[in-house]
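Try each task before you read its solution.

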Amino acid sequence: MKQKFLQLAYISCCFSLFLLLNGCKKEEYAIPTPKDELQNDALKRTLGPNIVGQQIEFVYAMAMPQAKGKLVSAEVEASIPGASSTYLENNSYYTGSNGADVAVLVGTPSVNSGAKTTVTFSKDTNAAALRYYYVIPEAARGKTVSFTFRAKSSDGSTVSYNLGPYTIAKMDMVRNLTVSDGNAMYISIADTTVYNAAGAAANPGKIDLVYVYRALTNVAYNHSLVSPAADPSYLPGVSLPSGVNRSAKEIKVFNLQDYNLARLQYGIYIDDLDFQKLDMSSAPNFAINLKQEAGVWVETADGKYRAYIYMNSVNNTTKSAVISMKRYAM
């Protein structure tokens, strides 16, 4: 019985090894045979969330045998027309000996007509790779957008390539707002704007946070974002404009250098889903002792908005900071 079992185990082992070797068999590589026709390809270059007002960058490549003719035109059609600054480059690129992109003019500047962006070739060429910059319009917020790339050659051939759909984020983004203690220190999430005292007094219902800098000796306070309704001890020496009294919830975080806001080497992105999943139920209404590259999650008092405020830089001498913000309407 034992011997029969060993025989079965041996056969099973050999069969498994056969399958393994057969599965790992290296296929012979063959150089693809070039097609004797106009061909094209496209790829999306940008990463992270697609935000209204920002660009989505693509590369559209097209080529054909020299004997067949030359390129006549290239076109991109978006399912939602891009903003007026959308364009298709009329340069093609190659990589120079130093590794840098070298531009070669191949056509006239692109023309936008509705959802289409077109470049007409002016150079006698049978290959090109053009970059397309789709500037996301307000009309695309929260929707999806797709793209059809097309090329035409002098022999009458046409090709097309589809990419997408891509989801456009609901959130907004503003960058490089300067806040300063005693001046532009009142922050509105609803407006994504910074006000001075007079502006805050004129818009008290929009003020969610107060920026304050104090070099206190008894507590690490430094650069802080505090709700107007927080305990007055968190607003030392601050006299709030009349009516400024809202209470936003805040969560202070470090090591969340969102790439869109920080524009550093980090590859972290905050997207719509992060705002949706955030639990702010037990958050306090102040965030003190903030440093450069720190961040604060914020939920407005009326629950209409959530935001992430990033500290791009701080200046103890001028008692100021530069902040950037992503905001999501709940």
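**Exercise 1. Sort the residues that line the largest pocket by type, then find where they come from.**

Solution. Start with the residue types: in this predicted model, the lining of the largest pocket has 6 nonpolar, 5 polar and 2 charged residues. Next, take the lining as a whole, which has 13 residues. Thr46, Leu47, Gln54, Gln55 and Asn260 are the ones nearest the pocket centre. Now bring in the domain assignment, which gives domain 1 as 39-168 and domain 2 as 172-329. Each of these two domains supplies at least three residues to the lining. Finish with the volume: the largest pocket holds about 220 Å³ of space.

**Exercise 2. Describe how domain 1 and domain 2 are placed and how they touch.**

Solution. First, look at the C-alpha centres of domain 1 and domain 2, which lie 39 Å apart. Then turn to the contact, where domain 1 contributes 6 residues and domain 2 contributes 8 residues. The area buried between the two domains is about 560 Å², and carbon and sulfur atoms give 56% of that area.

**Exercise 3. Which residue forms a salt bridge with Asp172?**

Solution. Begin with the count between domain 1 and domain 2, which is 1 salt bridge. Arg141 is the partner of Asp172, and their closest N and O atoms are 2.9 Å apart. On the side of domain 1 that touches domain 2, the residues are 3 nonpolar, 2 polar and 1 charged.

Technical notes
Residues are numbered from 1 along each chain as its sequence is written. This is a predicted model: local features need pLDDT of at least 70, side-chain atom pairs count only at pLDDT 80 or more; totals for chains, interfaces and linings use all residues. Side-chain values use heavy atoms; hydrogens and water are left out. Domain bounds come from an automatic or database domain assignment. Contact means heavy atoms within 4.5 Å. Buried area is the accessible area (1.4 Å probe) that two parts lose on being put together, summed over both. A salt bridge is a side-chain nitrogen of Lys or Arg within 4 Å of a carboxyl oxygen of Asp or Glu. Ala, Val, Leu, Ile, Met, Phe, Trp, Tyr, Cys and Pro count as nonpolar, Asp, Glu, Lys and Arg as charged, and the others, Gly among them, as polar. On a 1 Å grid over the protein atoms alone, a cavity is a set of points where a 1.4 Å probe fits but cannot get out, and a pocket is an open set with protein on both sides within 12 Å along at least five of seven lines; lining residues have an atom within 4 Å of a point. Grid points are joined across faces, edges and corners, and a volume is the space filled by probe spheres set on the points.
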